[in-house]
Amino acid sequence: MKPDETSLNKVSVTQENTNGGGCTEIKGGSIPFPHDQGYPLIDRSVPASISWKRKCAAYVLALRPWSFSASLIPVALGSALAYRSEGSLDFLLLLVCAVAVLSVHGAGNLVNTYYDFSKGIDHKKSDDRTLVDRILEPQDVVRFGVCLYTLGCLCAACLFFLSKLKLEHLALIYFGGLSSSFLYTGGIGFKYVALGDLVILITFGPLAVMFAHAVQVGYLAVTPLLYAIPLALSTEAILHSNNTRDMESDRQAGIVTLAILIGPTLSYILYNLLVFLPYLVFCILATRYTISMALPLLTVPLAFTLERQFRSQNFSKIPQKTAKLNLLVGLFYVFGIILAPTGSLPKL
């Protein structure tokens, strides 16, 4: 098929032979190069450095960095609990643990992107259009996911040598979290059979907090599981807001989520429970044990703003805004534990 000449840029090409040599000059910003050596006419309208920057930006966006509070805050909470109970903290262990958990989280996001696209769930109006808009190719996402899972496993291997935690306990928690991040949409696909909320509630709550705590202290304990509950509820609110927003498109794609099963009204009630129940826990801790646990209450105005937005069914950016609330609540929660007087918190 002959190209549409009206859609092509008009360029002026001149050839000059000097001593048997030739040069093709392409006006319009391209660099001249010898035409008699078989060089192709390369479109240099976009510098390679800019193209590489765009590619890197695409990879970062594919990771959904706005959701990383769901993995980093549990690591910080588990480490804070270890500091409060042991009186010391190994920052190298904290760093390696954070990279391991963050790598698994990022890889899980990529797996989610790949399978949602392959199953036809993502479309032009979806929040994640990494593959829909061909920002990246499916093989790019797969390779990047493999790299992140590999990085996470290397960090877990380092933790085996740096931490006193037994290998079987380390492997059990780490690979339990890794498997959950993959099976959320890959393999069994818990997300597609209304079990995704349960997986996220466990993985990015008790499991991650226990992992960070155990790496620091060298043993497994039940206490981190109890302190992880408020944070787990806040984290689950991110996923539930996302699933409620995508309720219609998910139903059309033939998948089942908790939001679809319970409907809009109960989804609104559940969202409020997930957002506001942690504040009840913080009030109890603040009134009975230490006032420092009242710090997360500073975020209550933002929680009410999200409640009003959810009630009006204006779901624009609500998962990202809920993630912001999760980040602030988690940070104030961690600071509250660190600032608590020694022996003031139960079982710490």
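Modeller: The largest pocket is lined by 41 residues, of which Arg64, Trp66, Asn109, Asn112 and Asn242 lie nearest its centre. This is a predicted model, in which local features need pLDDT of at least 70, side-chain atom pairs count only at pLDDT 80 or more, and totals for chains, interfaces and linings use all residues. Residues are numbered from 1 along each chain as its sequence is written, and side-chain values use heavy atoms, without hydrogens and water.

Colleague: What makes a residue part of the lining?

Modeller: A lining residue has an atom within 4 Å of a point of the pocket, an open set of points on a 1 Å grid over the protein atoms alone, where a 1.4 Å probe fits, with protein on both sides within 12 Å along at least five of seven lines. Helix α8 supplies the largest share of this lining, six residues.

Colleague: How do you know whether α8 is enclosed by the rest of the structure?

Modeller: Buried means under 20% relative accessible area (1.4 Å probe, protein chains only). Of the 17 residues of α8, 15 are buried, so the helix is largely enclosed.

Colleague: How do you know what span α8 (residues 229-245) should have?

Modeller: The expected span is 1.5 Å times one less than the number of residues. For the 17 residues of α8 that gives 24 Å, and the end C-alpha atoms are 24 Å apart, which agrees.

Colleague: Why is isoleucine 338 called partly exposed?

Modeller: Partly exposed lies between buried and exposed, the latter being over 50%. Isoleucine 338 has 35% relative accessibility and therefore counts as partly exposed. Isoleucine 338 is placed in helix α12.

Terms used
Helices (H or I, at least four residues) and strands (E, at least two) are DSSP runs, numbered from the N terminus.
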